Structure formats: structure tokens, C-alpha cells
Amino acid sequence: MRVFNSPPPSEAQTRSRILQAAQRLFAAQGFDGTTTRDLAQAASVAEGTLFRHFPNKKAILVEVATQGWVEILTDLLTELSEMGSYKAVAQVMRRRMWNMKKNAEMMRVCFMEAQFHPDLRERIQIEVIEKMTNVAEAFFQEAMDKGIYRQMDAKLVAKIFLGMFAIAGFSNETITSPDASPQELQAMAEGLADIFLNGVLVKS
């Protein structure tokens with residue numbers, strides 16, 4: 001009987017496996033509580049392989065957090081570009097909230113570790129937050145120019161929207177229960193969208 005051995009993983013596959021293992025371990029036991037030996041074992045690679053792909057453990061942390069946020073940013077920008085109307089904020093919120101459950105580990109790592117690592121915080125600020133704010137600002141400015149939103153500071157509106165987006169991302173651990181149903185997430189998304197679009201004051 002002929003036995004076929006599977007080909008060795010590519011460099012990209014090995015790198016991806018290291019990052020996935022790092023995300024799990026950093027989320028569970030923190031950056032300082034995770035050794036490079038832990039990472040190598042979890043990724044099923046030799047410890048020396050880690051340093052062939054990354055100069056040190058900090059570089060792995062920065063890559064985990066930045067890569068995760070770039071994916072979230074890409075998803076959000078896709079949602080905004082595909083919105084049926086400028087009033088369809090609830091559908092964007094609902095889908096983002098639902099999909100963010102898949103990114104819970106990454107977000108936990110990012111928000112836990114950014115407070116201790118200024119270089120991580122700076123990279124996320126430059127590569128993610130500023131880009132996200134600029135694109136959202138352009139989106140809302142266009143709505144204002146078309147007379148759909150009232151004229152105001154588009155950058156401030158973008159920051160408020162993104163702040164609600166961040167809250168929605170943590171909703172399964174803060175505002176709603178961890179096992180919230182799609183219906184509960186929908187209700188929360190609609191509530192956030194209503195507050196964003198209409199405010200809280202009774203119109204006279």
C-alpha cells in the first residue's frame with residue numbers, strides 16, 4: 001500500500017498558525033503570561049521557527065492586533081459602501097455586532113495590551129483608527145452635502161458613529177448577554193441607530 005505524505009506547510013501557513021495561536025494565548029493569559037515556548041507548542045512549531053518569522057514576541061503581539069483591526073476596518077468600510085441608504089445604519093450595526101463575536105479574542109488582546117505597549121497603541125492609531133475616521137468622515141460629509149443629514153462637523157459625527165460601533169462590538173460582554181440571540185442584537189442595533197439618527201430629545 002502506497003502512503004502519501006502531506007506536503008509541509010508553506011511559510012504563509014506557518015505564520016498564520018503562529019498568529020492564531022498567539023491570539024488565543026494572549027487573550028487567555030495575557031502577553032506577559034505567555035512565553036515563546038507556549039506559543040511554539042500551541043502553534044506546533046519549533047521555538048526557533050517563531051523567530052524566523054518574527055523578531056520577538058512583541059512583534060507577534062503587534063501583528064495580531066493590527067491584522068485583526070484591519071480586517072474589522074475592511075468589513076466596516078464594505079458595509080458602509082453597500083448601505084442601501086444613509087438611514088440604514090441599523091443593518092450595519094447588526095451585522096458588525098454579530099461578526100464581532102468572531103473577533104472577541106483579538107479585541108480583548110488589543111484593549112488589554114494597548115494600555116501597556118505604546119508602540120502597539122500608536123500603530124493601531126495610525127494604521128486603523130485614523131483611516132477608519134477619515135473614511136467615515138467622507139461618508140457622512142457626502143450625506144450632509146446631499147441634504148440627508150444636517151450640516152455639522154462630519155469628523156465629529158464619524159467619531160461618534162465609530163464610538164457606537166466599538167460599543168456594539170463589546171455588546172455581547174457588556175450591554176447584552178454573551179449568548180444574546182440575533183433578535184436581541186437586532187433590537188440593540190436598531191436602538192443605537194435610532195439614537196444616532198434622531199437623538200434623544202422629543203422634537204417640538
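Does Val 200 count as buried or exposed, and at what relative accessibility? At 70% relative accessibility, Val 200 counts as exposed, where exposed means over 50% relative accessible area, buried means under 20%, and partly exposed lies in between (1.4 Å probe, protein chains only).

## The model and its overall make-up

This is a predicted model, in which local features need pLDDT of at least 70 and side-chain atom pairs count only at pLDDT 80 or more, while totals for chains, interfaces and linings use all residues. Residues are numbered from 1 along each chain as its sequence is written, and side-chain values use heavy atoms, with hydrogens and water left out.

The chain has 9 helices and 0 strands, these being DSSP runs numbered from the N terminus (helices: H or I, at least four residues; strands: E, at least two). Of its 204 residues, 41% count as buried. Among contacts (heavy atoms within 4.5 Å) between residues at least 6 apart in sequence, 67% join residues at least 24 apart.

## The nonpolar core

The largest nonpolar core holds 57 residues, and Ile 60, Trp 69, Phe 140 and Phe 161 touch the most other members. Such a core is a set of buried Ala, Val, Leu, Ile, Met, Phe, Trp, Tyr and Cys residues joined through side-chain atoms within 4.5 Å. At least two residues of this core come from each of helix 1 (11–29), helix 2 (36–43), helix 4 (57–81), helix 5 (89–100), helix 6 (104–113), helix 7 (118–145), helix 8 (154–169) and helix 9 (182–198), and helix 4 gives the most, with 10 residues.

Not counting residues up to four places away in sequence, Phe 161 touches Leu 76, Leu 80, Val 89, Val 92, Met 93, Phe 140 and Phe 196.

## Gln 141 in helix 7

Gln 141, which has its place in helix 7, is partly exposed, with a relative accessible area of 28%. Leaving aside neighbours within four places in sequence, Gln 141 is in contact with Gln 151 and Ala 154. The C-alpha atoms of Gln 141 and Ala 154 are separated by 5.4 Å, although the two residues are 13 residues apart along the chain.

## The surface

The chain exposes about 11700 Å², of which carbon and sulfur atoms supply 55%; accessible areas come from the Shrake-Rupley method with a 1.4 Å probe, and for residues only the protein chains shown count as cover.
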